[in-house]
Amino acid sequence: MKVIIITGSSDGIGAEMARQLARSHGGGVALVLAARNAAALEQVAADCAAAGAQTLVASTDVSVQAQCTALVAACVARFGRVDALINNAGRSAHALFEEVDNLAWYEELMKINLWGSVWCTHAALPYLKQSRGSIVAVSSLAGLVGVPGRTAYGASKFAMSGFFEALRAELKAAGVSVTIAYPGVVATQIRYRGYNAAGGALGSSSLKEDKAMPVEECARLIVDGMQARRREVVMSAKGKLGRWMKLIAPGLVERMALAALKDDVKPH
């Protein structure tokens, strides 16, 4: 039986990955579901259990190191091993840097997006080495290309990419795979709940959503990448193009990034 920890699994991409893993593996998988919203986690756990998977719900705030450590400890106490850790928990943000008065939420965002992944990975690493398992880091296309209005979010996702790229090389001899996923705009509520310039909730999306990727497709691509032990999963043609165009035509990529924003939030 494979034991998989998924952070940020109360809704969105994390919840959908859990459901897909439960449907494809049934009784062959144990899913440890972690997020702050315990009630929502219980519903996802019920969906997964209906497909035959074993589940453990662990109410967790990944911005607190002790809770990340407790999450892994609870997993090992219940199932005795860790085969995969999917670092999916994260929060979005959109604000022009000059409009931010108090940078405290920048630090909080870094704790959630970067340090939550680092702390969970550090706690799980001895067990992942024992199982020669897999680590997944859910970054963003904003972790490959700087997007206006996303200085805080982009910084946290670029940092994730740098950390996990280096870790991949460190763990190669130990047989632990590290997959970094780079979703673009996905049809979830993450942008609506992201930070605004004042550190509150945005309540709307700053990005054009008409071509958002279905969450089911995004989750499938990440799960497939983990199971194939791929180094990276870059999810859209525009994302793949932008990555390489950045090397030869960076000005064009900046214009593409600006074009992805709604007119009312573009810098002037």
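Reader: What is the bridge partner of Val 138 in β6?

Author: Ala 181 is the bridge partner of Val 138 there. Keep in mind that this is a predicted model.

Reader: What makes β5 and β6 a pair?

Author: Two strands pair if there are at least two bridges between them. β5 and β6 have five bridges, in the parallel sense. Five meets the cut-off, so they pair.

Reader: How does the chain get from β5 to β6?

Author: The chain crosses through α5. This β-α-β crossover is right-handed.

Reader: What makes β4 and β5 a pair?

Author: Four bridges join them, and the strands run parallel. The cut-off is at least two bridges, so β4 and β5 qualify. Leu 85 stands opposite Ile 135 in β5. The chain passes from β4 through α4 to β5, again in a right-handed β-α-β crossover.

Reader: Why is β5 called largely enclosed?

Author: Five of its five residues are buried, so the rest of the structure largely encloses β5. Both faces are covered. Ser 134, Val 136 and Val 138 are buried on one side, and Ile 135 and Ala 137 on the other.

Reader: What is the order of the strands in the whole sheet?

Author: The order is β3-β2-β1-β4-β5-β6-β7. The sheet is open, with seven strands in parallel pairing.

Reader: What makes β3 and β7 edge strands?

Author: Each of them pairs on one side only. β7 covers residues 232-234. From one strand to the next, the twist averages 15 degrees.

Reader: Which strands does α4 lie across?

Author: α4 lies across β1, β4 and β5. The helix runs at about 175 degrees to β4. Helix α6, residues 215-227, also packs on the sheet. α6 touches β1, β4, β5, β6 and β7, and its direction makes about 150 degrees with that of β5.

Reader: Why is Thr 55 called buried?

Author: Its relative accessibility is 18%. Buried means under 20%, so Thr 55 counts as buried. Thr 55 is found in strand β3. Its contacts, leaving aside neighbours within four places in sequence, are Leu 31, Ala 45, Cys 48, Ala 49, Arg 78 and Phe 79.

Reader: Why is Arg 229 called partly exposed?

Author: Arg 229 has a relative accessible area of 39%. Buried is under 20% and exposed is over 50%. The value lies in between, so Arg 229 is partly exposed. Arg 229 is found in the loop between α6 and β7.

Reader: What makes the phi of Arg 229 worth a remark?

Author: Phi is positive, about 55 degrees, although Arg 229 is not a glycine. Most residues other than glycine have a negative phi. Arg 132 also has a positive phi, near 50 degrees. Arg 132 sits in the loop between α4 and β5.

Reader: Which residues touch the most other members of the largest nonpolar core?

Author: They are Ile 5, Val 32, Leu 71, Trp 105, Leu 128, Ile 135 and Phe 164. This core has 51 residues. α4 gives the most to the core, with eleven residues.

Reader: Which residues is Leu 71 in contact with, leaving aside its neighbours within four places in sequence?

Author: Leu 71 is in contact with Ile 5, Thr 7, Val 32, Ala 34, Ala 58, Thr 60 and Cys 120. Another core lies apart, with 32 residues, including Val 44, Cys 48, Ala 53 and Val 223.

Reader: How many helices and strands does the chain have, and what share of its residues is buried?

Author: The chain has eight helices and seven strands. Of its 268 residues, 50% count as buried.

Note on methods:
Residues numbered from 1 in each chain as written. Predicted model: local features only at pLDDT ≥ 70, side-chain atom pairs only at ≥ 80, totals over all residues. Heavy atoms only, no water. Buried < 20%, exposed > 50% of the residue type's maximum accessible area, 1.4 Å probe, protein only. Core = buried A, V, L, I, M, F, W, Y, C linked by side-chain atoms within 4.5 Å. Contact = heavy atoms within 4.5 Å. Axes fitted to C-alpha atoms, helices over the stretch in contact; angles between N-to-C directions. Right-handed = clockwise from strand over helix to strand, strands pointing away.
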